[in-house]
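The exercises below ask the reader to work through a structure step by step. Each task is followed by its solution.

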Amino acid sequence: MADASPKFRPPDLLPPAPAGELSVSHDGLDFWQFMVAGSVAGVVEHTAMFPVDTLKTRMQAGSPPCQPPVGLRQALRSVLRLEGPLGLYRGLGAMGLGAGPAHAVYFSVYEISKEFLSQGNPNNSVAHASSGVLATVASDAVFTPMDTVKQRLQLKSSPYKGVADCVGKVLREEGFGAFYASYRTTVLMNAPYTAVHFATYEAVKRGLTEVSPDSANDERLVVHATAGAAAGALAAAVTTPLDVVKTQLQCQGVCGCDRFSSSSIREVVRTIVRRDGYVGLLRGWKPRMLFHAPAAAICWSTYEASKSFFQGFNDRKRLS
């Protein structure tokens, strides 16, 4: 994470690790510490915002005439009336099983790629975006199967009893490939999402620290949270159409959702436009932005706090 202010002490400005040494990265953390920090950040982020994610899934998965599109308030009232508050947390177990490992992969690949691609330039936005894309491709391969299970459990009147039941039925009835039906769409969605996210995050963070460089170190978590929220909201708005396609692919054939003959993004887009018009591609944009703005703030703040904890742990270890 780059920064223009020396008072902010960004990891990029610290001495690089010796050539060929992958166990310790540019800010003095072991590889496993990056993975733990990323895993903690992912679980905290998704758990805190899971109810909003459930509402987004309900709004995006509806297929008229069986399930007419619903608004945010209508979706919330429906869940609370028919299922109670716990209905907002269906699929939380699948999220936990997927988000922890996926975010561990995401942040560790991002840190290693950024160190390699930045070539000592802490303000290299191309390196940040490229590293984010590489991290996305790797983490999506880990998270997509459990994301599919999570989305199916989140549906209204979901036919699955839990994570194990969903995994077993999907394997028996649709085969292993069903877990990765949306992988290509997910990567194509998350690549621009990540590029916009990281470019915005780094730019806002630099701007905030330049406004008040003397207090940047004291307000570190506030800076990360604010920059993360701005980045998450903008990136979520831009990529909503592909997120609708992803949800339709993951939930196809379940609870009245359309089934598609292939995983072609073009086919799904044509079906949505023919059925709902172009506005159908923006279904769920409000909860998506409501999810990603605070989720990104939570994720970055937790990740940076975890890294700071490990840096202090490593410093004490060296002094002892």
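**Exercise 1. Describe how helices α8 and α9 are arranged.**

Helix α8 (residues 240-250) and helix α9 (residues 265-276) have axes that come within 10 Å and cross at roughly 100°. Helices here are DSSP runs (H or I, at least four residues), numbered from the N terminus, and axes are lines fitted to C-alpha atoms over the stretch in contact, with angles from 0 to 180 degrees between N-to-C directions. The two helices are therefore roughly perpendicular to each other, a term that covers angles of 65 to 115 degrees. The contact (heavy atoms within 4.5 Å) is made by L242, V244, V245, Q248 and L249 of α8, together with I265, V268, V269, I272 and R275 of α9. These residues divide into eight nonpolar, one polar and one charged.

The model is a predicted one, in which local features need pLDDT of at least 70 and side-chain atom pairs count only at pLDDT 80 or more, while totals for chains, interfaces and linings use all residues. Residues are numbered from 1 along each chain as its sequence is written, and side-chain values use heavy atoms, with hydrogens and water left out.

**Exercise 2. Find the largest cavity and describe its lining.**

A search of the whole structure finds one cavity of 30 Å³ or more, where a cavity is a set of points on a 1 Å grid at which a 1.4 Å probe fits but cannot get out, and lining residues have an atom within 4 Å of a point. The volume of the largest cavity is about 680 Å³, taken as the space filled by probe spheres set on the points, which are joined across faces, edges and corners. Of the 34 residues that line the largest cavity, E45, H46, H103, N190 and H292 lie nearest its centre. Helix α4 gives the largest share of the lining, eight residues. By type, the lining divides into 14 nonpolar, 11 polar and nine charged residues.

Notes
Parallel < 35°, antiparallel > 145°, perpendicular 65-115°, else oblique. Nonpolar A, V, L, I, M, F, W, Y, C, P; charged D, E, K, R; others polar. 1 Å grid on protein atoms, 1.4 Å probe; cavity = no way out; pocket = protein on both sides within 12 Å on 5 of 7 lines; lining within 4 Å.
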